[in-house]
Amino acid sequence: MTRGDIYTVAGTGVWATRRPDGKASKTAMSPGSVALDGHGNIVLTDGRVERVCVIAERSGVFYGRHMIVGDIYTIAGDGNLQISGDGGPALRAGMSPFTVIVDGAGNVALADGWREVRVIAANSGTFYGQPMVAGGIYDVAGNGLQTGGEYSGDASSALSAQLQQEDGMTVDPAGNLIIADWPNAVVRVVAARTGTFFGRAMTAGDIYTVAGNLSVKPAPDGTAATATGMQPFDDAVDAAGNLIVTDSWNSLVRVVASSSGTFYGQAMTAGDIYTIAGGVPGPLGGAGDGGPATKASLYSPAGVVVDSAGNIVAADELNSRIRVIAASTGTFYGVSMTAGDIYTIAGNGTRGFGGDGGPAAKAILFDAAGVALDAAGNVVIADAGNVRIRVVATTTGTFYGRAMTAGDIYTVAANELPLDVVVDIHGNIVVPDGSLVRVIAESSGTFYGVPMIAGHTYTVAGGGALGYSGDGGPAVGASLYNVESVAAASSGDLFLGDGLRIREVSGP
């Protein structure tokens, strides 16, 4: 590939009607969930033909199949909606695939039919307590039954458990699979190996509820996490392996302790649950800044990430604020913080626009659509209502071609329509914007074939008439249909979800 050129790596622009195999760029497809594995291959679900596919980034043997770079291969699914084939070749299995992720061992974990979790083995070995053969498919959680209630099986084989809907899956530092079963108001863990996690002795392949009790009424702090009610919206895992959960219904941020110790200014016991933010009764609002986070008011917290210092950065959605719960005492985002206290680092609680060049905590935001952390630790906000990309500087320095002061907020791009933001390997901000992909340069240089000056905004893909054209030539000027998602690969390339195609902009 030539730097800065665009290529369709999969899809022809028409719906898939048969098993995808062959040259990816000549194969019809209907891509759904997309992930990148450790080899740089693209793993995706194609729900229209009920399969899981891989687009090979290089030639080799992956998931038990010999692959040629640039070709697409079905690694699971025979086109049959009826879930079948456990323990045999994944290619002969029936399925209804939804979400895919890549686990800590490189296997593909698949939410199948909402009520089962299955694994397509990347290599032969023992995973989740089961011997697996590369290219085989194995149920690891859920029995697929719909008998009412749809919740059972704790502390026994995950294969016999009932799940209701796997809204989100992630992997903790020990390799265990964490499932947010939102309709059941619980968070469950499938143990990857035998050991003690979240204060419980677990056996590889068994399933355990680690938070929630099928209700939304919260239990007091310091009680077993399984004794509390909640409505988990998002979760993250910190460096100590603790599970962070935003409980949107109760307007809380809570922690399930993985081990006993002091975290976020509180002494915690493994397996117990603790409120680390929110919990003040009465009218909801943004009160409590500068004091204990447990005495603060939140209003339906949503997304949550953990920064490099271990602090929790949460979107206090209906308060129009970005808030930080300090993990340790120190200065972060230009603010002197005390462990366990809460601080607003962006937004003053009103909706609108204002505050650029000054303290971010006094700025006005309007529907922050996405938040990311860049390589320098700055908070990047897609301020969709204001049609801007804004940055809260973590430290004083020059970023995106602008001198910034720690704790202040800056618009680094205006007149964009940001649906989301990602940060590439060079520290540039990449924004999908309908029929364009735009980059805000963090430093001066040539990226995606475009000479850039730090702080300026550049189109790196799109600009032609709405539709599809330009493969094999410069990405700038190519026709895109509707780019809603972008993934920045470790190779430096960008992968675009463009309607019924996946397209690649070459970075090196």
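How many helices and strands are in the chain? The chain holds 0 helices and 50 strands. The model is predicted.

## Chain overview

The chain has 508 residues, and 53% of them are buried. Its accessible surface comes to about 18,600 Å². Carbon and sulfur atoms account for 53% of that surface.

Sequence separation in the contacts can also be stated. Take the contacts between residues at least 6 apart in sequence: 43% of these join residues at least 24 apart.

## A four-stranded sheet

An open sheet is formed by 4 strands. Their order is β41-β42-β43-β46, with antiparallel pairing. The edges are β41 (422-423) and β46 (457-462). Each has a single partner strand, so one side of each is left without a neighbour in the sheet.

Strand β43 covers residues 436-440. β43 pairs with β46 in the antiparallel sense, over 5 bridges. Within this part of the sheet, V437 has A461 in β46 as its bridge partner.

F233 lies in strand β23, which spans residues 232-237. Is F233 buried or exposed? The relative accessible area of F233 is 53%, so F233 is exposed. The cut-off for exposed is over 50%.

Which residues does F233 touch, leaving aside those up to four places away in sequence? They are T246, S248, P301, A302 and G303. T246 is 13 residues from F233 in sequence. In space, the C-alpha to C-alpha distance between F233 and T246 is 5.6 Å. F233 is thus exposed, and F233 touches residues including P301 and G303.

How values were computed: Residues numbered from 1 in each chain as written. Predicted model: local features only at pLDDT ≥ 70, side-chain atom pairs only at ≥ 80, totals over all residues. Heavy atoms only, no water. Helix = DSSP H or I, 4+ residues; strand = E, 2+ residues; numbered from the N terminus. Buried < 20%, exposed > 50% of the residue type's maximum accessible area, 1.4 Å probe, protein only. Contact = heavy atoms within 4.5 Å. Areas by Shrake-Rupley, 256 points an atom, 1.4 Å probe, with all protein chains shown as cover. Pairing = 2+ DSSP bridges.
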